[in-house]
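Open the model in your viewer and keep the sequence panel beside it. The stops below say what to select next and what is there.

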Amino acid sequence: MDFNVLRNLISRYCAGEEYWVDSRTVYIGHKEPPPAAEAYIPQRYPDNRIVSSKYTLWNFIPKNLFEQFRRIANFYFLLIFLVQLIIDTPTSPVTSGLPLFFVITVTAIKQGYEDWLRHKADCSINECPVDMVQQGTVVRTQSSKLRVGDVVMVREDETFPCDLILLSSSRSDGTCYVTTTSLDGESSHKTYYAVPDTMAFKTEQEVDSLHATIECEQPQPDLYKFVGRINIYKEREDPIARPLGAENLLLRGATLKNTGHIYAVAIYTGMDTKMALNYQSKSQKRSAVEKSMNAFLIVYLCILISKAVINTVLKYAWQWSADHDEPWYNHRTEIDRERHVVIRAFTDFLAFMVLFNYIIPVSMYVTVEMQKFLGSYFIAWDKDMYDEELGVGAQVNTSDLNEELGQVEYVFTDKTGTLTENNMEFIECCVDGHVYIPHAICNGQILSAASSIDMIDSSPGGYRREHEDLFFRALCLCHTVQVKEEETVDSIKRGIHLGKPTSFYISSSPDEVALVEGMKRLGYTYLRLKDSHMEILNKDDEIERFELLHVLNFDSVRRRMSVIVKSSSGEYLLFCKGADTSIFPRVVSGKVEQVRARVEQNAVEGLRTLCVAYRSLSPAEYEEACHQLSDAKLALKDREQRLAQAYDLIERDFTLLGATAVEDRLQEKAADTIESLQKAGMKVWVLTGDKMETAAATCYASKLFRRSTQILELTKKRTEEQSLHDVLFDLSRTVLRQRSLSGLSVECQDYGLIIDGATLSAVLKPSPESSGSGNYKEIFLEISRNCSAVLCCRMAPLQKAQIVKLIKASKEHPITLAIGDGANDVSMILEAHVGIGIMGKEGRQAARNSDYAIPKFKHLKKMLLVHGHFYYIRIAELVQYFFYKNVCFIFPQFLYQFFCGFSQQPLYDTAYLTLYNISFTSLPILLYSLIEKHISIEMLKRDPTLYRDVAKNALLRWPVFLYWTCLGLFNACIFFFGAYFLFDNTTFTSNGQMFGNWTFGTLVFTVLVFTVTLKAWRLIMCVYPVCCSLPWTHTTGPGSTTLSSGAPCFSMSSSHCSGEASSGPS
């Protein structure tokens, strides 16, 4: 259950369901409404303290212990320790208790330190000073003391202390500019508005005289959604109700910019703020290595139990003889003689379990965590992954998945901002089929941007000139761009060129800036928004003023935005721009076919296209539109649905004006990165919301599709001509026929699949024909498996996550990686095994929610092929070596029982049992697993096929695991019997002292420690060639040679840099 839902249910239960409401009423300045108004119902809200810490001083010990003992290995050793305390065991409880205490203590210190840092950060935030308006004066207080309903004053460059509703600002139009970098990473200035009835309050006294209430929804985490209304009370008048939306809500963590100061009222405080509600922890991801560790632990636990059972049975078989039952040196007590044989056998079984329990490596988890934590710094320190332009390097948000970077089989990538630069450049526009290009060649001359309109065609006629002016005006008016004038230097205002102002534009959408700048190059300049009037400078150097009446904001469902303006002549105009699929169905006139042809041509060339249309409104139609919008905006319930219905009724009967084309260039080395990933055996899927033609052109440019690739289409257009069932089976037959031919000498055909969002929904929907035709999902997966690349276009954010989930749940259970740069990529980033965020221009929301963040797509190559390869090799060797050294350690103890009458006599001293895993053998392998490089970095980057050698968890498969285990058993026999035969004829020293049990055990332990430590790297040298010779080995690349058995062998020496092949395993 979602945490917020659970919290709401608890709140309802505690407060009583009858007192629960779905909205809250905020009394501005804590002033009660007039007696004739609604009843005053005080509500309790949390204070403004932010708590991101996990523990407190009182619950740290019990809560931390509970979380640690949820881990199976810790809980197992706790049980062993309790058994040693309860019954008479051959070893001291210290031998199990001390290592367990060490592991628990180290982990608790690490987690406690991390939580202390969170407490420290919380205190600095909660003690931040805030200016609050009380009784007409400004009072400074701490942020944590703010309450819902307090009126605060925020100055320029200050951060908002809680979620606020804007009442007024120092700007005459009641607006303020805000950056939300800490929330979504967008550094662009966003405009927020005060309601007209409060924007006139400019002083503390005026603000304090305001008598109003705010009704709004209960807190919810969506940063871009808010529904509310403000009721303003005046003497002897009915209250005035005004709608409040996201454009009025100032979020905690955002910063005030280019505005002297504002007055605002607190509506959500503390952990109710949207920023705090977005603190929700992500679901825990587990790597394939961790799953293998757990499987190996179960195997060793079975070995431990079998050893205990065997020794218990043999003990009672040994004691079956009267001579062996009670030796002279170990007579039983009366209690032992009277105890039932079953109880005695069970007690002996537990004693043997305690004696052999050291086969389970208690310190392995701590060592693995330390290796992951320390190893993660290599990514952050990598200078090759530092971007000079952005001034940032790679970031590691979690170190638990380092080795998973070396196991990726599927890469799901966004297009815009990930493969491309998200740096839009206006290329051309098309008006009624006629193309206009800035700086075009006309009559043999290059026209500059400062001159008249640059165009390919001849001068337009009257009708065309009218549509042309409407088109350019539409793009100058239908946007949310802000104008920022250049600075004044020496009392001279810069930015005036040839009599025309050349301000620069700021917007949260790079597309809008590119379009407005493109219009500027074509002769129409957007100047400013002043007093609700938009001003533009036309190509005749005349300033035109349009009153901005309504903005119908863009959303991903409609895929369009509109504005309603009033011209100086009193005409009402509705301008709309959006995707071709959302504009064409609503057009009733205009040269649709000519514009459609140009849109399709631009899409094929990889350009981003938008269509522009308009509608002239009569006064009656405008009044009806105002009424519909007003009713929808004032609604507290289902406001979004009612607004969508109102937009749908208003945005219709358009006249098509034309279309625009904007280029988003491919990122540097994006094509090389994709090519390397494919050579490494990964399948790359592009998931984008763009139209098919644009996305396909990008795929060809990035070498995802090649000219020889045969494209298979699974799109809505094809399923309209043919049923989905038939299309799927046709494609399935095509790829399966090719697969059957690939075993022959016929050259294998390369396939690429294109699927759109509508068809994907149909594929994922349960099929009514499933009983007779099979599951569509399985057919789709079979097709995609046989394609070298897949393009999914027209994807909604949720569909991106569904695609990733579908591949994760397939029968092969491949390791998936998702990479994106925008908020719409967060769902697939969280769904994939490994999520990587690009620190791009669409904000940092993807980077914040990812496991790793990188500046550019090109850095993915080194992260996977180099860091991922090294991380997996190191952690795999560490895990296998831990099991190996514990087999070497405990198997001599097992053999020793055959020579001591199964009396549970320990072979090793208590100190050796305690310190073997903690200090004697853990540190060398930890150091090795941090610095070992079995192949040079240059070799890994030059030959991506080396990535295949460790894919599919190659070094932690069962054959390799059995190899390490058998090696440990063999070495343990050498240690034990070598010492045994050495002592066979030498039982006395030169001074007559007899060698005893302690001497024998110490000799075995000394040889054991020296051997497993000094031979660690040599043993690992043998494992890599052995594992590569197993059946899953792929084709080897340069720098490898083949042993007589066909196994490629790489040099594992400490030089690391030669990349040369060795002659064989040591």
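Select strand β29, residues 560–566; strands here are DSSP runs of E with at least two residues, and helices are DSSP runs of H or I with at least four, both numbered from the N terminus. Six of the seven residues of β29 are buried, so the strand is largely enclosed by the rest of the structure. Buried means under 20% relative accessible area, exposed means over 50%, and partly exposed lies in between (1.4 Å probe, protein chains only).

This is a predicted model, in which local features need pLDDT of at least 70 and side-chain atom pairs count only at pLDDT 80 or more, while totals for chains, interfaces and linings use all residues. Residues are numbered from 1 along each chain as its sequence is written, and side-chain values use heavy atoms, with hydrogens and water left out.

Strand β28, residues 543–552, runs antiparallel to β29 and is joined to it by five bridges; two strands pair if DSSP finds at least two bridges between them. Pick V551 and you will find its bridge partner, V563, in β29.

Next select strand β30, residues 572–578, which pairs with β29 in the antiparallel sense over seven bridges. Here Y572 of β30 stands opposite K566. The hairpin of β29 and β30 has five residues between the strands, and G570 in this hairpin takes a positive phi near 90°.

Go to helix α11, residues 341–356. Its 16 residues reach 22 Å from the first C-alpha to the last, close to the 22 Å expected at 1.5 Å a residue (the expected span is 1.5 Å times one less than the number of residues). The buried residues of α11 include R344, T347, D348 and F349, and L350, A351 and F352 are also among them.

Two loops come next. R794 is not a glycine, yet has a positive phi of about 55°, and it is partly exposed, with a relative accessible area of 23%.

F902 sits in the loop between α30 (859–896) and α31 (910–920). F902 also has a positive phi of about 55° although it is not a glycine. At 6% relative accessibility, F902 counts as buried.

Finally, show the whole chain. Its secondary structure comes to 36 helices and 42 strands. Of its 1066 residues, 52% count as buried.
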